[in-house]
Amino acid sequence: MVEEARARRPGQVVMAELDLLLMGPPGAGKGTQGRLLGEALGVPWVSSGDLLRHAIEDGSALGDQARHFTARGELVPDRVIVGLMSGRLEARDARGGFIADGYPRTVPQAEALAAALDALGRRLTAALAILLPDGEVVDRLAGRRTCPECGRVYHLKHEPPARAQLCDVDGVGLIQREDDSPATIRRRLAVYHQDSEPLIAHYSERGLLREVDGTGPPEVVAERLHAAAASGA
Ligand code: ADP
Ligand code: ADP
């Protein structure tokens with residue numbers, strides 16, 4: 001079970017951290033599910049895409065470097081994202097664990113994460129991969145709308161806000177992400193298949209992979225993910 005204690009060295013028993021990855025193609029539901037799972041398990045949900053978007057909005061040097069790549073649907077260079085995520089995952093609120101959404105996205109990033117966790121005496125609990133066919137990815141990304149204030153995600157058809165185009169939480173007008181345009185969606189999918197899909201085999205070989213069917217309503221996907229997270233601990 002996820003709450004179980006684990007012996008790290010002979011004679012020393014510590015509570016196991018819950019260090020989870022949330023993988024899957026763009027639009028698979030990582031953000032939607034990561035928020036829910038983080039609340040359910042009591043660990044922070046950390047989205048690499050959100051961190052990058054905040055860095056870009058803040059006008060930081062790192063954000064300026066990243067903008068060029070995110071706008072075109074390309075991955076930002078490994079060293080940029082590894083530096084950003086390593087710092088975040090070592091923060092105080094992630095000491096008991098985390099749900100990393102969208103990180104790692106390449107094998108070198110996975111190796112950097114494993115080394116960083118190793119240096120902290122921690123190991124990954126499980127890599128949860130949400131599976132979704134390309135056709136559904138396109139439908140989900142094309143209809144995605146986001147609140148620029150609180151980051152809450154909606155879908156025009158599947159998860160509409162109560163009042164058209166306005167966030168349920170704070171009433172702010174919803175926006176469409178720049179990279180959710182048809183051409184950039186196609187590019188992101190191609191990048192996913194080329195650079196990120198190899199992580200499925202990477203984590204499978206290490207006995208950490210838990211694949212979860214991403215089709216169906218969000219609450220059904222949430223149940224599947226929760227079961228997979230529990231079986232990984
Ligand atoms: P989605 O939710 O659609 O999967 P994200 O919000 O996670 O997309 O990411 C948006 C963009 O941020 C990506 O297309 C990429 O440019 C960049 N990005 C996010 N995470 C990473 C990462 N781990 N490595 C490289 N680039 C990343
Ligand atoms: P990701 O973070 O993987 O890119 P999101 O969580 O942002 O994915 O979801 C992409 C879009 O699909 C959003 O508009 C979201 O509201 C919608 N969505 C998420 N999960 C489901 C689901 N199970 N069924 C239908 N639509 C969904």
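The shell around ligand 2 comprises seven nonpolar, seven polar and four charged residues; Ala, Val, Leu, Ile, Met, Phe, Trp, Tyr, Cys and Pro count as nonpolar, Asp, Glu, Lys and Arg as charged, and the others, Gly among them, as polar. This is a predicted model, in which local features need pLDDT of at least 70 and side-chain atom pairs pLDDT 80 or more, while totals for chains, interfaces and linings use all residues. Residues are numbered from 1 along each chain as its sequence is written, chains are lettered from A and ligands numbered from 1 in the order in which they are written, and side-chain values use heavy atoms, without hydrogens or water.

Of the 18 residues around ligand 2, those that come nearest are G27, T32, R144, Y154 and G216; a residue counts as near if one of its heavy atoms lies within 4 Å. Helix 1 (30-41) and strand 8 (153-155) each contribute at least two residues to this shell, helices (H or I, at least four residues) and strands (E, at least two) being DSSP runs numbered from the N terminus.

Oxygen atoms of ligand 2 lie 2.5 Å from a polar side-chain atom of T32, 2.7 Å from one of R144 and 2.8 Å from a backbone N or O atom of G31. The protein buries 94% of the 560 Å² that ligand 2 exposes when taken alone, by the Shrake-Rupley method with a 1.4 Å probe.

Attention now turns to the pocket. Helix 5 (107-119) and helix 8 (198-205) each supply at least two residues of the lining of the second largest pocket, and helix 5 gives the most, with five.

Key:
Polar contact = N/O pair within 3.5 Å; in protein donor to acceptor, adjacent residues only side chain to side chain.
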